[in-house]
Amino acid sequence: MSETEELDSRISRALEGNQARYGDKLAQQKKLPVRERLSLLVDPGTFVEDGLLANASDPELPADGVITGVGRVDGRPACVVANDPTVKAGSWGARTVEKIVRMTEHALRHELPVFWLVDSAGARITDQVEMFPGRRGAGRIFANQVRLSGVAPQICCLFGPSAAGGAYIPSFCDVVIMVEHNGSMYLGSPRMAEEVIGERVSLEEMGGARMHATVSGCGDNLAADDADAIEQARLLFSYLPASWRSVPLRSPGEAPLRTFTRAELPDDEAAGYDVRRVIECLVDADSLFEIKPLFATELVTGFARLEGHVIGVVASNPADKGGVLFVDSADKAARFVWMCDAYNVPLLFLADVPGFMIGTQVERQGIIRHGAKMVAAVTEASVPKICVIVRKAYGAGLYAMCGPAFDPIATLALPTAKIAVMGPEAAVNAVYANRIAAIEDDDERLRFVEERRRDYEEDVNLYRLAGDLVIDAVVPFERLREEIVGRFAAADPVDRGAVQKRHGVLPV
């Protein structure tokens with residue numbers, strides 16, 4: 001065999017993976033081969049691969065189970081790390097780790113985004129001395145991910161397992177898209193849990209995609225299959241800049257789906273409604289890309305466009321739990337705000353919030369600590385912020401939703417807005433509980449409560465707050481989009497290089 005023939009043979013073997021042996025199993029699992037996943041993600045003809053001949057001396061380990069390289073995604077350069085599940089279930093050996101370390105070093109050096117296409121059973125125990133403990137061992141991957149956080153976007157598509165220590169790769173990414181029924185992540189497998197702690201549990205219960213997207217919050221979005229996950233990843237990338245030094249690309253602007261009117265809100269001020277209907281009236285049509293739509297649903301977070309410009313939306317959702325903030329919703333908001341601030345995405349807050357939840361359960365969960373995390377994230381965000389009071393902003397809920405003290409470029413109010421330490425019923429009961437209890441006549445007691453309520457509402461009257469410059473403007477429903485567009489247009493950051501402080505997007 002000539003040198004050229006040998007080279008061609010080795011390249012061909014590496015490109016094949018173990019598809020011939022395990023292709024049928026992948027098809028049964030409704031998984032795409034790793035190179036088909038790549039072809040869906042990367043623009044045609046742009047991918048340049050590194051380390052293709054890793055472990056070339058072992059024909060059972062083509063490319064050592066991972067594809068790494070640089071290509072263009074929607075015209076912009078990006079790094080890709082993609083596990084090949086046909087090669088020892090995508091597990092990591094020494095060369096696997098070295099390839100990933102080199103790719104993350106390249107991303108750091110050139111401040112490039114990274115797409116992680118994860119489908120891995122974790123470390124090969126047989127290779128642990130070579131790939132686990134050293135300075136260029138698996139830990140270096142995580143260290144590089146942390147250093148890269150907030151420098152350039154990291155987007156993870158989780159097609160299969162991400163087991164044991166490998167589960168930390170998704171956790172250090174900005175967004176994790178999990179394929180339902182196939183994607184999973186866990187530190188200890190169900191078999192290990194049974195052996196070590198005597199717990200019997202299924203893989204779906206332990207670390208399945210839906211569990212992580214609804215309960216733990218470790219997964220952000222669900223996908224129906226591999227192609228859907230990659231499509232979501234490409235769409236998400238369109239809302240983000242290539243690095244922290246630039247701003248997101250502008251698209252052609254579009255009108256919203258509907259004009260915002262008073263009819264979008266219930267007549268009963270205590271009634272719930274889906275805040276997405278309000279968002280649809282404000283942002284460009286069909287531009288909302290929610291992050292964590294199934295987790296902590298009392299709060300909506302996501303990217304959208306205003307006249308083609310990317311913004312981040314943090315919105316109370318009274319349709320679920322009245323829009324009250326809980327531990328999980330505070331974490332959800334904090335991380336999304338960190339991400340928007342890291343990547344120069346202006347923030348729009350839509351507040352209709354009774355405040356933070358109270359009670360023994362949430363106090364034991366650390367509601368104060370988690371609420372402080374949300375308030376801290378909002379405070380630290382240096383991108384332009386606008387706060388809109390839709391109906392109510394009570395107590396620390398006003399602070400968490402970027403009220404006047406937290407440097408929004410404007411605090412706007414709709415005519416339905418109320419701002420107070422607490423609602424009128426709670427306030428009257430808090431202040432006058434003993435006097436109310438002492439009034440024996442039912443009619444007299446009712447009159448007293450109504451009089452005190454009117455006094456309280458007059459004290460926090462919207463137009464008094466506007467007159468005292470607590471809020472910057474009371475805006476008619478029909479003009480709110482125009483007002484937001486105008487204010488963001490005057491405040492758009494154009495040179496983030498002038499901002500000296502860069503920060504990551506920390507796990508919460």
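## Packing of H13 and H15

Helix H13 (residues 327–342) packs against helix H15 (residues 367–380) at an angle of about 20 degrees, and their axes lie 8 Å apart. Axes here are lines fitted to C-alpha atoms, for helices over the stretch in contact, with angles running from 0 to 180 degrees between N-to-C directions. H13 and H15 are therefore roughly parallel to each other (angles under 35 degrees count as roughly parallel). Their crossing is left-handed, a term used if the near helix is turned anticlockwise from the far one by less than a right angle.

On the H13 side, the contact (heavy atoms within 4.5 Å) is made by Val327, Ala330, Asp331, Ala333, Ala334, Val337, Trp338 and Asp341. H15 contributes Ile367, His370, Gly371, Lys373, Met374, Ala377, Val378 and Glu380. The residues of this contact comprise 10 nonpolar, two polar and four charged; Ala, Val, Leu, Ile, Met, Phe, Trp, Tyr, Cys and Pro count as nonpolar, Asp, Glu, Lys and Arg as charged, and the others, Gly among them, as polar.

## Basis of the model

The model is predicted: local features need pLDDT of at least 70, side-chain atom pairs count only at pLDDT 80 or more, and totals for chains, interfaces and linings use all residues. Residues are numbered from 1 along each chain as its sequence is written, and side-chain values use heavy atoms, with hydrogens and water left out.

## Overall architecture

The protein chain contains 20 helices and 16 strands, taken as DSSP runs (helices H or I, at least four residues; strands E, at least two) numbered from the N terminus. The radius of gyration, 26 Å, is close to the 23 Å that the globule rule gives for 508 residues, so the chain is as compact as a globular protein of that length. The radius is taken over C-alpha atoms, and the rule is 2.2 Å times the number of residues to the power 0.38.

Along its principal axes, the C-alpha trace spans about 100 × 55 × 40 Å. Of contacts between residues at least 6 apart in sequence, 74% join residues at least 24 apart. Buried residues account for 52% of the 508 residues (buried means under 20% relative accessible area, with a 1.4 Å probe and protein chains only).

## Positive phi in two loops

Asparagine 344, although not a glycine, has a positive phi of about 65 degrees. It is placed in the loop between H13 and strand S12 (347–353) and is buried, with a relative accessible area of 1%.

Cysteine 402, also a residue other than glycine, has a positive phi near 65 degrees. Its loop runs between helix H16 (396–400) and strand S14 (410–413). Cysteine 402 is buried, its relative accessible area being 0%.

Conventions
Angles under 35 degrees count as roughly parallel, over 145 as roughly antiparallel, 65 to 115 as roughly perpendicular and the rest as oblique. Buried means under 20% relative accessible area, exposed over 50%, partly exposed in between (1.4 Å probe, protein chains only).
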